[in-house]
Amino acid sequence: MCPQTVGLVQGALESAGITTTGLTNVAEVSEKIGVPRALAVPWPLGFTMGEPDNPALQCDVLRQALALTDRDDVPVIEAYLRAVEND
Amino acid sequence: MVRIADMKSTLKLFMRAYRWRKLGEIEPAQREKPLAECRVALVSSAGIVAPGQAPYDQKAKVGDWSWREIPGDVDVASLTEHHNSPSFDHSGIEADGNMGFPLDRLRELVADGIVGEVAPRHASVMGSILAPGRFVRKTVPEIVDAFTADGVDVALMVPV
């Protein structure tokens, strides 16, 4: 349910003029809901940010999600491209 | 990537039968300045609470629709997780709060000059809301009002 819950917040924020982006671990759900922008990550439920205690990977996830705020061709869901290996 | 087709049978049936809410047409809110000048807020559905805040109701049948304001200067290690879903592995968030609320990472992006600043308030919800009517009517507008009052430029959603 998490992608729907944050998706409902995301839609309201975007409608209020705040640029939004986000992560999704179930892209099918985010697509059905129609969130404006989301980065689809390849990890299991509970691991949206990748790996515990891996700041380099976690920062890269946020960087790629935030980069989607350049986009106005919404809705856009892009796959995370892993560029950071395990510490 | 988690695919519905690969989920356990009961969860798969539910995910396919559930009537997902649809946002409909949304006018994109174009970012008006570089990210390096933007104030960024997090929205986490990991069910985290800050010290002194009431935990989420684990027994609410259709989900606890309340939210918690998480201060921008909070110590991530002091956050506790109260998500009631058995559908995900909680060990990642238990080991590292940034897995559900990546505020330390956002601070590092500010330090690196990628993001302008961390917002003074962030939003925590517990994602397992099956009937989101009250969540949409009451909670969502409160989050929108808080972020608008704080001059948030970009909001980043973090589901678990």
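**Entry 1. The loop at D53(A).** I looked up D53(A) and found this residue in the loop between β2 (37–40) and α3 of chain A; helices (H or I, at least four residues) and strands (E, at least two) are DSSP runs, numbered from the N terminus. D53(A) has a positive phi of about 55°, although it is not a glycine. Most residues other than glycine have a negative phi, and most peptide bonds are trans.

**Entry 2. Basis of the entries.** I note that the model is predicted, that local features need pLDDT of at least 70, that side-chain atom pairs count only at pLDDT 80 or more, and that totals for chains, interfaces and linings use all residues. Residues are numbered from 1 along each chain as its sequence is written, while chains are lettered from A and ligands numbered from 1 in the order in which they are written.

Entry 3. I checked the peptide bond from V74(A) to P75(A), which is cis, with omega near 0°. P75(A) belongs to the loop between α3 and β3 (76–79) of chain A.

**Entry 4. The two chains.** In chain A I find three helices and three strands, in the order α-β-α-β-α-β from the N terminus. A compact globule of 87 residues would have a radius of gyration near 12 Å, and the 13 Å of chain A agrees; the radius is taken over C-alpha atoms, and the globule rule is 2.2 Å times the number of residues to the power 0.38. The C-alpha atoms of chain A fill a box of roughly 40 × 25 × 15 Å along the principal axes.

Chain B has four helices and seven strands, running α-β-β-β-β-α-α-β-β-α-β from the N terminus. Its C-alpha trace spans about 45 × 40 × 30 Å along the principal axes.

**Entry 5. The interface.** I looked up the contacts between the chains: 54 residues of chain A touch 56 residues of chain B, contact meaning that the C-beta atoms, placed from the backbone, lie within 7 Å. On the side of chain A, the elements that give two or more residues are α1 (2–15), β1 (19–24), α2 (27–33) and α3 (55–67). The largest share, 14 residues, comes from α1(A). By class, this side divides into 30 nonpolar, 18 polar and six charged residues; Ala, Val, Leu, Ile, Met, Phe, Trp, Tyr, Cys and Pro count as nonpolar, Asp, Glu, Lys and Arg as charged, and the others, Gly among them, as polar.

Entry 6. β1(A) and β7 (residues 154–158) of chain B run parallel and are joined by four bridges; strands pair if DSSP finds at least two bridges between them. G22(A) stands opposite M157(B) in β7(B).

**Entry 7. α1(A) on α4(B).** The axes of α1(A) and helix α4 (residues 133–149) of chain B come within 9 Å and cross at roughly 50°; axes are lines fitted to C-alpha atoms, for helices over the stretch in contact, and angles run from 0 to 180 degrees between N-to-C directions. α1(A) is therefore oblique to α4(B); angles under 35 degrees count as roughly parallel, over 145 as roughly antiparallel, 65 to 115 as roughly perpendicular and the rest as oblique. I list L8(A), V9(A), A12(A) and L13(A) on α1(A), against residues of α4(B) including F135(B), V140(B) and F147(B). The contact has 10 nonpolar, no polar and no charged residues.

**Entry 8. α3(A) on α3(B).** The axes of α3(A) and helix α3 (residues 103–111) of chain B come within 9 Å and cross at roughly 75°, which makes α3(A) roughly perpendicular to α3(B). P55(A), Q58(A), C59(A), L62(A) and R63(A) meet R105(B), L106(B), E108(B) and L109(B).

Notes. Two residues are in contact if their C-beta atoms, placed from the backbone, lie within 7 Å.
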